[in-house]
Number of protein chains: 2
Amino acid sequence: MTVQDKTSPGTHPHVVIIGGGFGGLQAALALGKKEPALQLTVIDRTNHHLFQPLLYQVATAALSPADISTPIRHVLRKQKNTVVIMSEVTGINMDEKRVYLRHGNISYDYLIVATGAHENYFGHTESWKPLAPGLKSIEDAQEIRRKLLLAFEKAEIETNPERIQQLLTFVVIGGGPTGVELAGAIAELAFKTLIPEFRHIDPSRIHILLIEALPNILNAFPAELSSKAKHELQRLGVDIRVNSPLEEMTTDGVIARGEWIPSDTVIWTAGVLASSAGKWLNAETDRAGRVKVLPDLSLPEHPEIFVLGDTATLMQDGKPLPGIAPVAMQQGRYVASVIGQRLTNSQPIAPFRYHDKGYMATVGRAFAIVNVGKIRFAGFLAWILWLAVHIVYLIGYENRVIVMLQWGWSYLRFQRRARIITRSAWLSIPHQKKASQSKHNGA
Amino acid sequence: MTVQDKTSPGTHPHVVIIGGGFGGLQAALALGKKEPALQLTVIDRTNHHLFQPLLYQVATAALSPADISTPIRHVLRKQKNTVVIMSEVTGINMDEKRVYLRHGNISYDYLIVATGAHENYFGHTESWKPLAPGLKSIEDAQEIRRKLLLAFEKAEIETNPERIQQLLTFVVIGGGPTGVELAGAIAELAFKTLIPEFRHIDPSRIHILLIEALPNILNAFPAELSSKAKHELQRLGVDIRVNSPLEEMTTDGVIARGEWIPSDTVIWTAGVLASSAGKWLNAETDRAGRVKVLPDLSLPEHPEIFVLGDTATLMQDGKPLPGIAPVAMQQGRYVASVIGQRLTNSQPIAPFRYHDKGYMATVGRAFAIVNVGKIRFAGFLAWILWLAVHIVYLIGYENRVIVMLQWGWSYLRFQRRARIITRSAWLSIPHQKKASQSKHNGA
């Protein structure tokens with residue numbers, strides 16, 4: 001018996017979406033409106049859609065994971081034609097039109113692959129990934145939060161000055177928007193929130209580094225904006241090192257441009273690699289593993305398979321489309337239209353075209369840079385715009401107002417309410433011993 | 001070099017508190033007001049104080065961990081005479097007046113031991129604890145949440161009817177307030193929140209059991225109230241089995257009163273055992289490991305050591321004081337007074353006496369039972385009182401208003417916003433493989 005038998009799509013064409021990120025979810029919402037002309041199954045390895053642009057706020061204890069995550073089945077609960085499955089895809093048989101899952105398999109008439117991307121450690125995945133988490137999942141954010149908060153707790157009781165320096169050195173690898181946002185938030189967490197609450201940490205020992213291999217940070221932005229962001233970051237206390245390719249990483253620190261930097265906390269935001277979808281589909285990919293798709297986002301020779309978002313690459317005006325949420329969302333809605341057109345045999349739809357609504361990045365709690373076409377601005381007003389856009393786009397997040405309130409509170413008080421250290425390896429003890437030593441549970 | 005040297009308390013008497021639960025924190029807040037007459041150090045194994053009475057709300061995805069946790073050093077940040085240390089106590093040398101930590105050691109003039117209690121598996125800790133988590137820490141609550149939510153995800157794609165039954169059977173062991181509150185919340189999570197969002201789960205297959213060895217649940221309450229709570233629980237869909245001592249537990253289920261109950265999700269709330277403090281102090285304890293203290297809460301022959309909360313036992317009016325938050329909080333404040341009196345050689349203070357402000361327990365989202373002296377009532381008004389008391393007592397939780405808003409939202413919509421499954425063992429894959437299969441991170 002297969003998952004298919006249980007989640008039988010009936011006689012209507014069956015669309016399967018792999019991935020509940022920005023692209024997959026937009027496709028699912030758009031296809032939900034085409035009921036009862038089709039049946040839809042959405043497969044994701046987690047149970048939640050994640051609003052990844054705010055993940056750095058979870059990593060720096062300003063927001064809780066639940067503030068930026070919603071169960072996928074909750075978002076799609078009203079779509080009678082939709083089934084959501086939490087499982088992991090292990091392969092695709094394109095001849096049989098069948099997706100193989102960790103728990104069963106399922107057949108499709110149309111397949112949408114929107115499985116995103118993960119960190120690119122440029123050939124050092126095995127040795128560097130365990131040392132320097134990226135910022136792609138809730139687990140990543142929790143791991144970074146734990147490392148940041150534990151470093152301060154350890155430094156508070158450490159007596160060796162060299163070790164203190166190592167504990168209070170925080171290294172962010174990669175000067176893209178994620179690295180910049182994270183470094184700014186770490187600076188605020190350290191200097192504004194934590195320092196007043198520790199008795200033995202000398203603020204001058206805190207060293208936050210942003211390391212970038214290229215000559216500049218925020219290379220997707222015009223030079224004037226990235227320069228403003230750079231100054232704001234420096235004002236917050238971040239030490240920016242450009243032209244500094246990472247050479248080595250150990251449990252004790254990193255080497256960048258020949259310099260040894262002792263650090264317990266290294267975070268990786270230096271690049272992305274597409275998911276394994278290219279291998280499943282036996283497709284032609286670019287260097288970052290992105291599947292080369294046709295102008296209607298379908299796979300060459302497979303008009304029934306679409307690939308989108310960070311998993312795909314498509315040229316527009318001579319440049320590849322960037323791997324950002326708006327591209328994936330527009331592609332998701334576009335693919336839903338194309339499938340709708342195929343089902344009804346209506347007029348063919350024009351090739352996909354990304355409508356650029358602009359870029360933005362935030363630095364610290366009240367500064368952002370915004371680039372919308374020819375309009376460019378930086379500062380507090382840009383940050384207000386950034387805030388408004390992010391709140392509006394917390395789609396399906398019915399706690400939008402609450403998240404906004406928490407931000408407001410955090411902004412006014414420099415507080416970060418989610419400062420919980422869980423599963424601390426530092427204090428981890430064998431199970432049995434733990435059982436007999438459990439304490440401070442006064443109730 | 002020791003922690004002592006770094007956190008040198010100077011020439012003033014040094015009070016050390018072990019444990020940042022209800023008792024320890026109240027003692028710390030009261031002693032903070034005695035600055036500069038003394039120096040204070042608070043040691044806890046975690047970085048946060050936990051509002052344990054609401055932990056079941058985290059376990060059932062209604063609240064996030066951060067909603068009911070506050071960093072201990074944040075609560076005590078304004079006390080200039082106070083140092084907070086995150087570490088674990090490994091032993092106490094009462095002759096040298098020294099506490100040994102996992103990272104160093106520290107000397108004291110006065111010691112307050114408030115290390116709480118943990119689950120009592122009645123001799124089966126090694127075999128049962130890994131199968132049936134208790135509800136004492138954030139990690140416990142997250143583990144229960146993960147188990148509950150995963151059971152539904154697995155049942156949605158399972159085809160074997162017996163296995164479906166096993167997945168949808170939830171067993172809570174122990175009919176005290178924690179077990180009752182948890183069982184009620186699980187029933188609401190299952191029937192009100194989850195069922196509408198799953199396509200293939202038959203609500204009649206969901207079986208929530210509350211198993212109690214004694215002839216009744218909620219034995220600390222008058223029979224009329226526990227009977228009302230029982231009826232409300234049954235109305236919510238909980239199958240209550242009294243006179244059913246647990247006989248066996250395996251990965252596949254439990255045996256209670258001779259009956260085999262297949263279940264993937266078993267939760268333990270059947271009893272508590274005091275922390276190891278009795279062993280550290282080489283003290284006389286009762287059967288539950290609680291240290292027998294003198295009427296001023298000091299250890300016999302050690303007037304400089306105090307033990308309180310769930311770690312201690314004291315008779316009042318012929319009965320031992322219950323292991324609840326109000327007792328620990330009153331004891332914490334009392335011990336601070338006694339230490340203040342000793343330091344100033346002022347008039348001796350009368351023996352500790354617990355002022356009973358009443359008991360309450362909640363069943364589901366709008367029903368509670370309240371027993372204040374001779375006043376007893378149950379229902380919606382009791383729940384409003386329960387809500388008010390719990391909000392007022394979220395001391396130091398500056399997000400009190402936000403937590404209240406979330407509750408309001410949850411109450412109105414039957415939504416549970418914290419439904420995130422993280423670190424799913426079900427889908428866990430080796431590190432390397434995970435790296436190459438990371439997906440649905442569309443950004």
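Student: How many salt bridges does the structure hold over all chains?

Tutor: Side chains of opposite charge can pair when their charged atoms come close. A salt bridge here is a side-chain nitrogen of Lys or Arg within 4 Å of a carboxyl oxygen of Asp or Glu. The structure holds 32 of them over all chains. This is a predicted model, in which local features need pLDDT of at least 70, side-chain atom pairs count only at pLDDT 80 or more, and totals for chains, interfaces and linings use all residues. Side-chain values use heavy atoms, leaving out hydrogens and water, and residues are numbered from 1 along each chain as its sequence is written.

Student: Which residue forms a salt bridge with A:Arg73?

Tutor: B:Glu153 does, with the closest N and O atoms 2.8 Å apart. A:Arg73 lies in helix 4 (residues 72-75) of chain A and B:Glu153 in helix 6 (residues 138-157) of chain B, so the pair joins two chains. Helices are DSSP runs of H or I with at least four residues, and strands are runs of E with at least two, numbered from the N terminus.

Student: Is A:Arg73 buried or exposed?

Tutor: Buried means under 20% relative accessible area, exposed over 50%, and partly exposed in between (1.4 Å probe, protein chains only). A:Arg73 is buried at 4%, and B:Glu153 is buried at 6%.

Student: Which parts does the salt bridge between B:Arg163 and B:Asp264 tie together?

Tutor: Their side chains meet at 3.0 Å, N to O. B:Arg163 is in helix 7 (residues 161-167) of chain B and B:Asp264 in the loop between strand 16 (259-262) and strand 17 (265-268), so the pair ties together parts that are 101 residues apart in sequence. B:Arg163 is partly exposed at 25%.

Conventions:
Chains lettered and ligands numbered in written order.
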